[in-house]
Amino acid sequence: MNRLFISHSTQDLEDLQPFIEFLQLGMGIAKDDIFWTSSGSVLPTGEPFVERIRSALCDCQQVLCFLTPNYFKSKFCLAEMGAAWLQKGKILPLLVSPLDYASLTGTPLQGLQALKREERGDLLRLYDELSTAGIAAVVMKGRLQGLLAQMGGKGGEFPGRDSHR
């Protein structure tokens, strides 16, 4: 069973890949504990992928919604968001620049506490929540803070499209 389901748009791989590496290296989350369809290894060829995604979404401990403009344009992402929203206490909305809290207006996430990927404090809070859930390695907080310091700024810039703006 994957413990963390990452709901994302396939159009955002350039931004998502470094974040997945950050989860693994900075938070100590094992590769096998993360389900994200773009990894290439979680959806075996010839199997019904919708059922595999539904099963992973239901069986995971937490669902992190990697919220971008592309996410809100994807019908599949919106279906995943709705399914995660129905499972109270399992959803972790993560806003990716240029989105802000107002971007959640009119969605099931409106009124829920959301985190911002570019905010250092929010990334530390995400770590605390994932470690409390037993997903992130508890001993990794010092390493995480070091990585965030190296990235500089509020939360730093993840390599990808945002770093080229």
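Analyst: What follows is a short tour, and the model is a predicted one.

User: How many helices and strands are there in the chain?
Analyst: The chain has six helices and five strands. Along the sequence they come in the pattern β-α-β-α-β-α-α-β-β-α-α.

User: Where do the residues of strand S1 point, and are they buried or exposed?
Analyst: S1 covers residues 4-7. Leu4 and Ile6 point one way, Phe5 and Ser7 point the other way, and all of them are buried.

User: Why the two directions?
Analyst: Side chains in a regular strand alternate between the two faces of the sheet.

User: Which strands does S1 pair with?
Analyst: S1 pairs with S2 (residues 34-35) in the parallel sense, over two bridges. S1 also runs parallel to S3 (residues 62-67), and four bridges join that pair. On the S2 side, Leu4 has Ile34 as its bridge partner. On the S3 side, Ile6 is partnered with Leu64.

User: What do S1, H1 and S2 make?
Analyst: A right-handed β-α-β unit, with helix H1 spanning residues 13-27.

User: Changing topic. Which residues touch the most others in the largest nonpolar core?
Analyst: Ile6, Leu23, Met27 and Leu130 touch the most other members of that core, which has 26 residues. At least two core residues come from each of S1, H1, S3, S4 (91-95), H5 (120-132) and H6 (141-151). H1 gives the largest share, six residues.

User: And what does Leu130 touch?
Analyst: Leaving out residues up to four places away in sequence, Leu130 touches Leu4, Leu23, Met27, Ile29, Gln62, Leu92, Ile135 and Ala136. There is also a second, separate core of 19 residues, and Ala56, Val63, Leu67 and Leu99 are among them.

User: How about Phe49, where is that found?
Analyst: Phe49 is in helix H2, residues 49-59. Its relative accessibility is 45%, so Phe49 counts as partly exposed; the cut-off for exposed is over 50%. Phe49 and Thr37 are twelve residues apart in sequence, and their C-alpha atoms are 9.1 Å apart.

User: What share of the whole chain counts as buried?
Analyst: Of its 165 residues, 44% count as buried. The chain exposes about 8200 Å², and carbon and sulfur atoms supply 54% of that.

User: And what share of the contacts join residues at least 24 apart?
Analyst: Among contacts between residues at least 6 apart in sequence, 67% do.

Conventions: Residues are numbered from 1 along each chain as its sequence is written. This is a predicted model: local features need pLDDT of at least 70, side-chain atom pairs count only at pLDDT 80 or more; totals for chains, interfaces and linings use all residues. Side-chain values use heavy atoms; hydrogens and water are left out. Buried means under 20% relative accessible area, exposed over 50%, partly exposed in between (1.4 Å probe, protein chains only). Two strands pair if DSSP finds at least two bridges between them. A crossover is right-handed if, with the strands pointing away from the viewer, the path from the first strand over the helix to the second runs clockwise. A nonpolar core is a set of buried Ala, Val, Leu, Ile, Met, Phe, Trp, Tyr and Cys residues joined through side-chain atoms within 4.5 Å. Contact means heavy atoms within 4.5 Å. Accessible areas come from the Shrake-Rupley method with a 1.4 Å probe; for residues, only the protein chains shown count as cover.
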